[in-house]
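Biologist: Hey, I'm new to this one. Can you put it up and walk me through it?

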Amino acid sequence: MHALYKELEPEWFERIKDRLPQNSKTYFDFIADSTRSIYKPGREVTTDTRSWFQPFANKNTIYTDYSRNISISQKPIYEETFLVEDSLLNIKWKITPDTRDIAGFECRKAVGILFDTVAVFAFYTDELMISGGPEGIHGLPGMILGMGIPRLHATWFATKVQVIDVPVSRIQPEKKGKKLNRKEMLQTLNKALKDWDSWGKKMILATQI
């Protein structure tokens with residue numbers, strides 16, 4: 001959070017940085033079978049009252065059908081809730097030899113490029129054969145258990161992995177929200193947030209992932 005505040009409001013940040021929390025944490029559940037997954041808010045955490053910051057995309061629910069190459073995403077944004085159905089994101093991946101242990105699995109690092117300019121760092125395990133991970137990120141030969149997007153100053157890491165008694169009946173898309181595709185949502189948000197400068201751009205990027 002400090003890095004994000006400093007980027008968006010540097011003078012204000014320097015004046016009050018000692019009173020701001022350094023991090024904000026949210027939890028999500030990722031449930032998958034061989035062809036589908038659902039990513040949705042998990043257990044709640046107490047919000048630090050010292051900050052007005054609300055985490056980007058902290059209420060998103062993302063349903064992905066890898067066999068049909070589609071996602072259906074429910075994205076609450078302020079007073080509006082969007083239901084976005086579109087093809088999966090196009091991500092160009094390069095797999096590296098680097099590895100790290102996450103939640104008891106050895107994961108290999110990959111570097112992806114999203115929207116031609118946005119870097120995504122991901123760690124996946126081929127012990128779990130589902131080509132997905134947090135939000136709408138996908139396309140690696142195994143499940144993504146760790147991820148970072150520097151442009152958003154955000155990281156995702158698995159804290160627990162369950163491989164038996166997985167509640168696959170919960171893998172269902174949400175149905176409530178204003179129906180549109182990714183391009184139509186982008187046009188709507190560009191109009192609504194055009195006066196928000198850097199903060200608006202961060203918000204728009206976060207909603208597209």
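Predicted model: local features only at pLDDT ≥ 70, side-chain atom pairs only at ≥ 80, totals over all residues.

Biologist: Okay, what volume does the largest cavity have?

Modeller: About 100 Å³.

Biologist: And which residues line the largest cavity?

Modeller: The lining is made of Ile62, Ser71, Ser73, Lys75, Val84, Leu88, Leu89, Gly136, Arg182, Thr207, Gln208 and Ile209. Two elements, β4 (70-77) and α4 (197-208), each give two or more residues to that lining. The largest share, three residues, comes from β4.

Biologist: How does that lining split by class?

Modeller: Five residues of the cavity lining are nonpolar, five are polar and two are charged.

Biologist: Let's switch to pockets. How much space lies in the largest pocket?

Modeller: About 1600 Å³. Its lining counts 48 residues, and Phe28, Tyr39, Trp156, Phe157 and Ala158 are the ones that lie nearest the centre.

Biologist: Which elements give two or more residues to that pocket lining?

Modeller: Those are β1 (28-32), β9 (143-149) and β10 (154-157). β1 supplies the largest share, with five residues.

Biologist: What classes of residue are in there?

Modeller: In the pocket lining, 30 residues are nonpolar, 11 are polar and seven are charged.

Biologist: Take me across it. How many bridges are there between β6 and β7?

Modeller: Nine, in the antiparallel sense. As an example, aspartate 101 stands opposite glutamate 106 in β7.

Biologist: And what joins β7 to β8?

Modeller: Seven bridges join β7 (residues 105-114) to β8, again antiparallel. Leucine 114 has valine 118 in β8 as its bridge partner. The two strands form a hairpin with three residues between them. In that turn, phenylalanine 115 has a positive phi of about 55 degrees.

Biologist: Next pair, then. Over how many bridges do β8 and β9 pair?

Modeller: Five, and that pairing is antiparallel too. There, threonine 125 has methionine 143 in β9 as its bridge partner.

Biologist: Why is β8 described as largely enclosed by the rest of the structure?

Modeller: Because six of the eight residues of β8 (residues 118-125) are buried.

Biologist: Back to phi. What's the phi of asparagine 69?

Modeller: Near 60 degrees, a positive value in a residue other than glycine. Asparagine 69 is in the loop between β3 (61-65) and β4.

Biologist: Why does asparagine 69 count as partly exposed?

Modeller: Because its relative accessibility is 38%, and partly exposed covers what lies between the buried limit of under 20% and the exposed limit of over 50%.

Biologist: And where is histidine 153?

Modeller: Histidine 153 is in the loop between β9 and β10. Its phi is near 55 degrees, also a positive value in a residue other than glycine. At 36% relative accessibility, histidine 153 counts as partly exposed.

Biologist: Great, thanks!

Terms used: Residues numbered from 1 in each chain as written. Heavy atoms only, no water. 1 Å grid on protein atoms, 1.4 Å probe; cavity = no way out; pocket = protein on both sides within 12 Å on 5 of 7 lines; lining within 4 Å. Points joined across faces, edges and corners; volume = space filled by probe spheres on them. Helix = DSSP H or I, 4+ residues; strand = E, 2+ residues; numbered from the N terminus. Nonpolar A, V, L, I, M, F, W, Y, C, P; charged D, E, K, R; others polar. Buried < 20%, exposed > 50% of the residue type's maximum accessible area, 1.4 Å probe, protein only. Pairing = 2+ DSSP bridges.
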